Amino acid sequence: MPHTTTPDGARIAYQLRGEGPPLVLLAGQANSHHWWDGIREDFHAAHSTVTLDYRGTGESDEPRTPYSTQQFARDVIAVLDDLGIDRADVYGTSMGGRVSQWLAIRHPERVRGLILGCTSPGGPHSLERSNEVRRSLAVPDVAAAQRALAELMYTPAWLAAHSAPYQTLGDPTMSARARRAHLTASRDHDAWDELPAISAPTLILHGDADLLNPAANAPLLADRIPGARMTLLPGARHAYFEEFRARASPLVLDFLRREAAEA
């Protein structure tokens with residue numbers, strides 16, 4: 001698996017698949033590129049896809065320094081530089097959406113089109129998950145916590161039809177320290193003040209039944225980012241991009257096709 005070395009010395013593993021204009025796919029908190037297994041192929045008729053293992057996940061290093069969504073964005077830039085990609089479309093989900101915000105804010109020349117999925121602006125302006133949801137994920141019984149997370153990701157019907165393991169419930173190879181570092185990075189994200197600086201055409205996607213990252217965050221982003229478009233997927237929970245891929249992936253492709261035609 002190819003790696004690049006970031007300016008602070010971390011080796012970051014990345015994956016390039018397919019051919020065509022590059023689409024960067026960014027996973028959620030405490031997950032590696034496997035978040036996109038079986039989904040990235042939806043885009044290969046029109047795009048190549050680039051993923052990476054965040055520091056602390058998969059085949060990447062686990063530096064003992066603090067992590068942040070801005071640091072993860074710098075790691076993405078290091079991967080694009082290593083691949084010789086000057087400009088790409090970016091699709092980030094959950095924490096990956098927070099990372100994508102910084103890419104578009106700090107590196108506007110590198111982002112052609114931006115898709116923000118099941119994410120939030122962070123900070124005091126975002127809507128946090130309820131205390132009930134927090135408690136369900138914090139129980140000492142690991143199996144019970146995993147069941148609670150799966151139920152926040154997927155509808156009961158989908159879970160009944162698909163057996164575990166589920167690729168969105170976290171990288172099982174991560175250390176406890178790395179998991180804490182990811183949690184801190186995602187929790188401390190706050191791009192609110194700088195979101196109006198985003199110049200890339202932006203599409204916001206969210207399941208309207210998402211309780212893990214409440215759906216009310218979608219209109220907050222749409223109102224804050226100039227010209228952003230928003231689509232809520234009825235009945236979808238946090239992992240809308242997988243369970244509702246038959247609708248979600250075409251929405252992404254149509255958006256990118258339209259933006260390419262207008263460029």
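How many bridges join strand S6 (residues 111–117) to strand S7 (residues 202–207)? Four bridges do so, and the two strands run parallel. Welcome to a predicted model, in which local features need pLDDT of at least 70, side-chain atom pairs count only at pLDDT 80 or more, and totals for chains, interfaces and linings use all residues. Residues are numbered from 1 along each chain as its sequence is written, and side-chain values use heavy atoms, with hydrogens and water left out.

**The sheet as a whole**

- Eight strands make up an open sheet with mixed pairing, in the order S1-S2-S4-S3-S5-S6-S7-S8.
- At the edges are strand S1 (3–5) and strand S8 (229–233), each of which pairs on one side only.
- Neighbouring strands are turned by 20 degrees against each other on average, direction ignored.
- Here, helices (H or I, at least four residues) and strands (E, at least two) are DSSP runs numbered from the N terminus, and two strands pair if DSSP finds at least two bridges between them.

**Around strand S6**

- S5 and S6 pair in the parallel sense over five bridges.
- Ile115 stands opposite Leu203 in S7, and Tyr91 stands opposite Ile115.
- Six of the seven residues of S6 are buried, so this strand is largely enclosed by the rest of the structure; buried means under 20% relative accessible area, exposed over 50%, and partly exposed in between (1.4 Å probe, protein chains only).

**Around strand S4**

- All five of the five residues of strand S4 (residues 48–52) are buried, so this strand too is largely enclosed by the rest of the structure.
- Ser48, Val50 and Leu52 point one way from S4, while Thr49 and Thr51 point the other way.
- On one side, strand S2 (residues 11–17) runs antiparallel to S4 and is joined to it by four bridges, with Tyr14 opposite Leu52.
- S3 and S4 pair in the parallel sense over three bridges, and the bridge partner of Leu23 in S4 is Thr49.

- The largest pocket has a volume of about 1,400 Å³, and of its 45 lining residues the closest to its centre are Gln29, Ala30, Arg129, Leu137 and Leu149.
- A pocket is found on a 1 Å grid over the protein atoms alone, as an open set of points where a 1.4 Å probe fits, with protein on both sides within 12 Å along at least five of seven lines; lining residues have an atom within 4 Å of a point.
- A volume is the space filled by probe spheres set on the points, which are joined across faces, edges and corners.
- Helix H2 (residues 95–106), helix H3 (131–137), helix H4 (142–153) and helix H6 (176–187) each supply at least two residues of the largest pocket's lining.
- That lining divides into 18 nonpolar, 18 polar and nine charged residues; Ala, Val, Leu, Ile, Met, Phe, Trp, Tyr, Cys and Pro count as nonpolar, Asp, Glu, Lys and Arg as charged, and the others, Gly among them, as polar.
- The second largest pocket holds about 180 Å³ of space, and its lining includes Ser130, Glu132, Ala148 and Arg237.
- H3 and H4 are the elements that give two or more residues to the lining of the second largest pocket.

**A residue on helix H1**

- Asp81 has its place in helix H1 (residues 69–83) and, at 46% relative accessibility, counts as partly exposed.

Definitions and conventions:
Axes fitted to C-alpha atoms, helices over the stretch in contact; angles between N-to-C directions. Contact = heavy atoms within 4.5 Å.
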